[in-house]
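User: I am new to this structure and would like to get to know it step by step. Please start with a term I will need, and then let me ask about the details.

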Amino acid sequence: MALKISGLKVELREILLKNKPNCMLEYSPKGTVPVLIIDNKTVIDESYDIMLWALKQNDPNNWLFEFDAANQLIKQCDTQFKPILDSYKYNDQNKDLQLKSRDESFEFLTILENKLNLQTYLQGEKITLSDIAIFPFIRQYAYVDIKWFQQSEFKQINKWLDQLIHSELFASIMHKYPEYITSKTSVFIND
Ligand SMILES: N[C@@H](CCC(=O)N[C@@H](CS)C(=O)NCC(=O)O)C(=O)O
């Protein structure tokens with residue numbers, strides 16, 4: 001979404017995680033996606049760094065608004081919430097552990113809920129970087145048990161998530177892309 005909003009033209013090579021191309025691993029041996037390759041030499045292989053790379057060049061919607069505060073919240077999501085999310089997601093065979101993770105998640109979710117009680121998005125009345133960096137994780141969290149999430153105390157987060165999931169921007173990038181085999185099957189963002 002950050003690449004799209006930046007307007008930068010980027011070639012998108014869809015890969016299957018069970019069939020990682022060697023050329024991807026040569027550029028980024030850690031083998032995670034996404035990987036951005038610039039001019040066949042510079043490699044950026046963390047999604048947040050890719051977002052910042054794009055927005056620092058072109059930020060038409062001012063997504064970098066109040067960057068320091070946004071960055072702090074995003075880092076908190078990454079270090080505090082993400083491990084709890086993983087434990088909540090992957091412990092579906094152990095209900096006690098899963099419920100313990102759910103309890104632990106409340107601290108970060110309450111921070112979001114309190115912010116969204118005062119404003120439509122995390123940094124104010126417009127979508128900015130922190131919304132886009134954080135909502136995919138909340139979406140994963142919500143869908144572990146969507147019925148529970150929808151009736152939970154996190155009413156504002158539900159509304160916010162719904163708005164983002166149903167946004168034009170999200171729809172515009174959430175396609176099923178063909179697997180990259182050769183450059184004939186690659187597609188472009190902002191062609
Ligand atoms: N912190 C990294 C996480 C990347 C990551 O773990 N991506 C997953 C897919 S969502 C992956 O590539 N996993 C490797 C695998 O499943 O083989 C980032 O945001 O770029």
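Analyst: Gladly! Helices here are DSSP runs of H or I with at least four residues, and they are numbered from the N terminus. Please keep in mind that this is a predicted model. With that numbering, Asn-158 has its place in helix 8, which spans residues 155–165.

User: Is Asn-158 buried or exposed?

Analyst: The cut-off for buried is under 20% relative accessible area. Asn-158 has a relative accessible area of 15%, so it counts as buried.

User: Which residue's backbone oxygen lies 3.0 Å from a polar atom of the Asn-158 side chain?

Analyst: Leaving aside neighbours within four places in sequence, Asn-158 is in contact with Phe-149, Gln-150 and Ser-152. The side chain of Asn-158 also has a polar atom 3.0 Å from a backbone oxygen, and that oxygen belongs to Phe-154.

User: Let's turn to the ligand. Which residues surround the ligand?

Analyst: By class, the shell holds 3 nonpolar, 3 polar and 3 charged residues. The names are Leu-17, Lys-20, Gly-31, Thr-32, Val-33, Pro-34, Asp-45, Glu-46 and Ser-47.

User: How much of the ligand's 520 Å² does the protein bury?

Analyst: Several polar side-chain atoms come up to the ligand. Lys-20 has a side-chain N or O atom 2.6 Å from a ligand oxygen, Glu-46 has a polar side-chain atom 2.7 Å from a ligand nitrogen, and Ser-47 has one 2.5 Å from a ligand oxygen. Of the 520 Å² that the ligand exposes when taken alone, the protein buries 52%.

User: Pro-34 was in that shell. Is the peptide bond from Val-33 to Pro-34 cis or trans?

Analyst: Pro-34 sits in the loop between helix 2 (22–27) and strand 2. Omega for the bond from Val-33 to Pro-34 is near 0°, and the bond is cis.

User: Which residues of helix 3 are buried?

Analyst: Helix 3 covers residues 47–57. Its buried residues have cover from elements that include helix 1 (2–6), strand 2 (36–38), strand 3 (42–44), helix 4 (67–90) and helix 6. The buried residues are Tyr-48, Ile-50, Met-51, Leu-52, Ala-54 and Leu-55.

User: Trp-53 is also in helix 3. Which residues is Trp-53 in contact with, leaving aside neighbours within four places in sequence?

Analyst: Trp-53 counts as partly exposed because its relative accessible area is 24%. With those sequence neighbours left aside, Trp-53 is in contact with Leu-3, Leu-8, Val-10, Leu-36, Ile-38 and Ile-44.

User: How far apart in space are Trp-53 and Lys-89, C-alpha to C-alpha?

Analyst: Along the sequence, Trp-53 and Lys-89 are 36 residues apart. In space, their C-alpha atoms are separated by 30 Å.

User: What is phi for Glu-66?

Analyst: Asn-62 lies in the loop between helix 3 and helix 4, and it has a positive phi of about 55° without being a glycine. Glu-66 is found in the loop between helix 3 and helix 4 too, and Glu-66 is partly exposed because its relative accessible area is 45%. Glu-66 is a residue other than glycine with a positive phi, near 45°.

User: Which residue's side chain does Gln-123 join through a polar contact of 3.1 Å?

Analyst: Gln-123 is in the loop between helix 5 (95–118) and helix 6 (129–144), and its 10% relative accessibility is why it counts as buried. Residues that Gln-123 touches include Phe-65, Glu-66, Ala-70 and Leu-73. The polar contact of 3.1 Å runs from the side chain of Gln-123 to that of Ser-130.

User: How far apart in space are Ala-69 and Gln-123, C-alpha to C-alpha?

Analyst: Ala-69 belongs to helix 4, and at 39% relative accessibility it counts as partly exposed. Ala-69 and Gln-123 are 54 residues apart in sequence, while the distance in space is 8.3 Å.

User: Finally, how many disulfides does a search of the whole structure find?

Analyst: A disulfide needs a pair of cysteine sulfur atoms within 2.5 Å. Cys-23 is partly exposed because its relative accessibility is 35%, and Cys-77 is buried because its value is 2%. The number of disulfides found in the whole structure is 0.

Conventions: Residues are numbered from 1 along each chain as its sequence is written. This is a predicted model: local features need pLDDT of at least 70, side-chain atom pairs count only at pLDDT 80 or more; totals for chains, interfaces and linings use all residues. Side-chain values use heavy atoms; hydrogens and water are left out. Buried means under 20% relative accessible area, exposed over 50%, partly exposed in between (1.4 Å probe, protein chains only). Helices (H or I, at least four residues) and strands (E, at least two) are DSSP runs, numbered from the N terminus. A polar contact is a pair of N or O atoms within 3.5 Å; within protein, one must be able to donate a hydrogen and the other to accept it, and residues adjacent in sequence count only if both atoms are side-chain atoms. Contact means heavy atoms within 4.5 Å. A residue is near a molecule or strand if one of its heavy atoms lies within 4 Å of it. Accessible areas come from the Shrake-Rupley method with a 1.4 Å probe; for residues, only the protein chains shown count as cover. Ala, Val, Leu, Ile, Met, Phe, Trp, Tyr, Cys and Pro count as nonpolar, Asp, Glu, Lys and Arg as charged, and the others, Gly among them, as polar.
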